Amino acid sequence: MKGEPRRNGHANRHLKIGQGLLFFFLLLLFLVLAGGCWDRRELENLAVVLGIGVHLPAQGEGYEVSFQIVRAAQIQGPTGETGGGGGTIKPVWILRTSGPTVFEAVRNATLQSSRRLFLAHNQAVIISTEVAQKGIMPALDFFLRDHESRSIQWLLLTPADPVEVLDAAAGLERVSALAINDLIEDYRSTSKIRPVNIGNYMETAMQKTSANTLPIIRVKETAGKRELLMDGTGVVKDDRLVGALNAKETRGLLWVLGEVKGGVNTVDLPDGAKATLEIFTAATKVKVEAIEEKVRVGIEVKVQSSLGAQTTTDDLSTPGQIKKLAALQGQVIEDEIRAALRKAKEYKADIFGFGEYLFKHDFPAWQRLVKEWERHFAGAEVEIKVEVQVENLGLVTRPAFPKETGEK
Amino acid sequence: MEQGKISAGELALLVMSFTIGSWVVLPTGIQAWQNLWLIIFLGLGEGLLLIYFDLALFRRFPGKTLFEIHELVYGPFVGKLFSLCFLWFFLQMGGGTLGIFVTLLKTTVFTATPDLALLIPWVLILVYGCRQGIEVIARSNQLLIMGTVGLVLISILLVLNIFNPENLLPFFNLSFAEMLWISIGIAAFPFGQNILFLMILPRVNRWQKVTGAVCKGMIGAGLVLSTIQFLAVGVVGKAGQILVFPTFEFYRLINIGRVLTRLELIPLLNFLTMGFVKVILCLYALAVGTAHLFNLRTYRPLVIPLGLFLLLVAGRIYPDISEHIRYIQKVQTFLVLFFALLLPLVTLGVAFLRRLPRKGMTP
């Protein structure tokens, strides 16, 4: 405006008034637009979903989807089930719908629920093994595509109907989906399950040679109550469930992936006695080489641990004994890795991402081997090196026995 | 005509915002994925070369807009025809950019909102800003680009816990031909679209500094885009290849202790401001160009109708997102190269043959 040639004052004032009016009406317009979103949803009109289970119907096609919806009013109670004035009403509501696709099943929920389902806070998607055997991506596509659902939702596998998991007692939590979330986050204290979220699953699924894994959750009856239990890992190859790893094999998998964050190893001592060592820090280095047609894998694990419990009366605190313990733990770790390798080779499923390592670090070799990767993976030569350092004894040196018994 | 003047520094920042513009939302060459952040630099080099050619026109006719140059070189009638082609180009560029951002908003946040409810407020601000002239646009842009650069720097910290450098490997798994082709696509979009600045350069107070400023702006934009793509690859990994809006998705994944999550709206708003600068410059070039075409004294009365026109184009230019993606992959490179390489070269050639500019021609 600065450089405009000056008009005479009279016309200028008219212009000013006109502009002011225009500006005023503009402001009014923005008021209308800013006052409310077009598609607004208030909290009291939402059904906040915390857990979703996907299952196949007993007969016919499509999917059966169960939801765990939180009753916000029941959550607020300070203690146990009598809190909040809600009396005996459970804090969650389980809903089950069906439809030809997961998306339609989700929408069909509106036929039963008075409020529209809100998925942005969903914690976990639980898939039954039947769905997993048929193909996971078709069931998962909706969760990736939908703008409300997020890719950090946990993905789990359950052998039975997922609705049982959603309906199980939640232990100390009020809502079992939140309990599932905590169970998974606590994997670092055992390192016997491998957490996978939808984003991780998609990422691995995009890799040509890799196979996916999913944690398995099941329901266990304890003192008359149905409680949750994390139990091993399912192996998914080409989007279909092909087998499972037990806790030991899962630990082996985690060692190779470098995802062990904690947990314990129990070693056998002479005379049937045992000692349990706690893993404090663990670091893994994997190197994959392809020489001609032969794949060679070198796995190097470095662990720092501490003595956590022993069942013998021997004094294990001497330097010699500690070294022996370290060697024994190294053996246990190697066994775990070997067990996982054996299972993976049996399924011909590259759950460790050896092929992906080649893709990233030796692209020409990957190009050469990718066509028959299954065969190359099964024939891979694996060299394992474990280095354990037992650093601590805890608060006591030796068990509380008179010295004579301890020393032999 | 407009008398406002901007400095070379302001021009550089305008170029930067304009280049970041819509590429940051809907990138080209996504098939290269983990190599893209490197290919951007190759594309930047080619883009700099391209724009250097285009600026040769301006250096030959300093102080003239592209449309004035057309008339000087081809005479009034043919020159206006050339200018009309460029008007169409600016219109589809502005409309397309506006369209992208409406699509982004519609797919990610405001799923049920009608297009017009998103477009109308936007166009109102565009028109208002454009009527204020280039000085105001340039100054408001200074603030907006600072926000974007700041955001990119902050996001480096935010993604530290989810950034996996392994995702960046292997660095080169494409054949040279593929890489070259993708880099040309990047040289065209976003860098080649800077041909639009030939309409704005005469507004710079010292024309000798123009070439350096434009190059600086493009290099700055290249760095920002490469950083964003670098972070996106490290965070999203291979899965990013199937995402419609990879940059948006990577901000969705930010998760610091399950507390600092769902930050995607902040970059979304920020990218919107870059798109805003791009569209407002398109609108400005359209208005100034049209005014020149019809020998008007001022471009201001044209802004409102052209803004409305832009709104209509934005709503209709791409019937769906898949058309848009295909346009970016298959058509855009040729289209931009036609306008940013071929036509300026022809003009330059004709000017050379006619020994223009002659002495005494410049008023």
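Modeller: Of the 215 residues in the largest nonpolar core, the ones touching the most other members are A:Ile127, B:Ile280, B:Leu283, B:Tyr284, B:Ala285 and B:Ala287. Helix 10 (residues 265-293) of chain B brings the largest share of this core, 16 residues. This is a predicted model, where local features need pLDDT of at least 70 and side-chain atom pairs count only at pLDDT 80 or more, while totals for chains, interfaces and linings use all residues. Residues are numbered from 1 along each chain as its sequence is written, with chains lettered from A and ligands numbered from 1 in the order in which they are written.

Biologist: What makes a set of residues a nonpolar core?

Modeller: Its members are buried Ala, Val, Leu, Ile, Met, Phe, Trp, Tyr and Cys residues joined through C-beta atoms within 7 Å. Buried means that 20 or more other C-beta atoms lie within 10 Å of the residue's own, with C-beta atoms placed from the backbone.

Biologist: Which residues does B:Ala285 touch, not counting those up to four places away in sequence?

Modeller: B:Phe90, B:Leu196, B:Met199 and B:Ile200. Contact here means C-beta atoms, placed from the backbone, within 7 Å.

Biologist: Why are helix 10 of chain B and helix 11 of chain B called oblique to each other?

Modeller: Their axes come within 10 Å and cross at roughly 125 degrees. Angles under 35 degrees count as roughly parallel, over 145 as roughly antiparallel, 65 to 115 as roughly perpendicular and the rest as oblique. The two helices are therefore oblique. Axes are lines fitted to C-alpha atoms over the stretch in contact, and angles run from 0 to 180 degrees between N-to-C directions. The helices themselves are DSSP runs (H or I, at least four residues), numbered from the N terminus.

Biologist: How many residues do chains A and B bring to their contact?

Modeller: 20 residues of chain A are in contact with 23 residues of chain B. Helix 8 of chain A gives the most to the chain A side, with four residues.

Methods
Contact = placed C-beta atoms within 7 Å. Buried ≥ 20, exposed ≤ 12 C-beta atoms within 10 Å, placed from the backbone.
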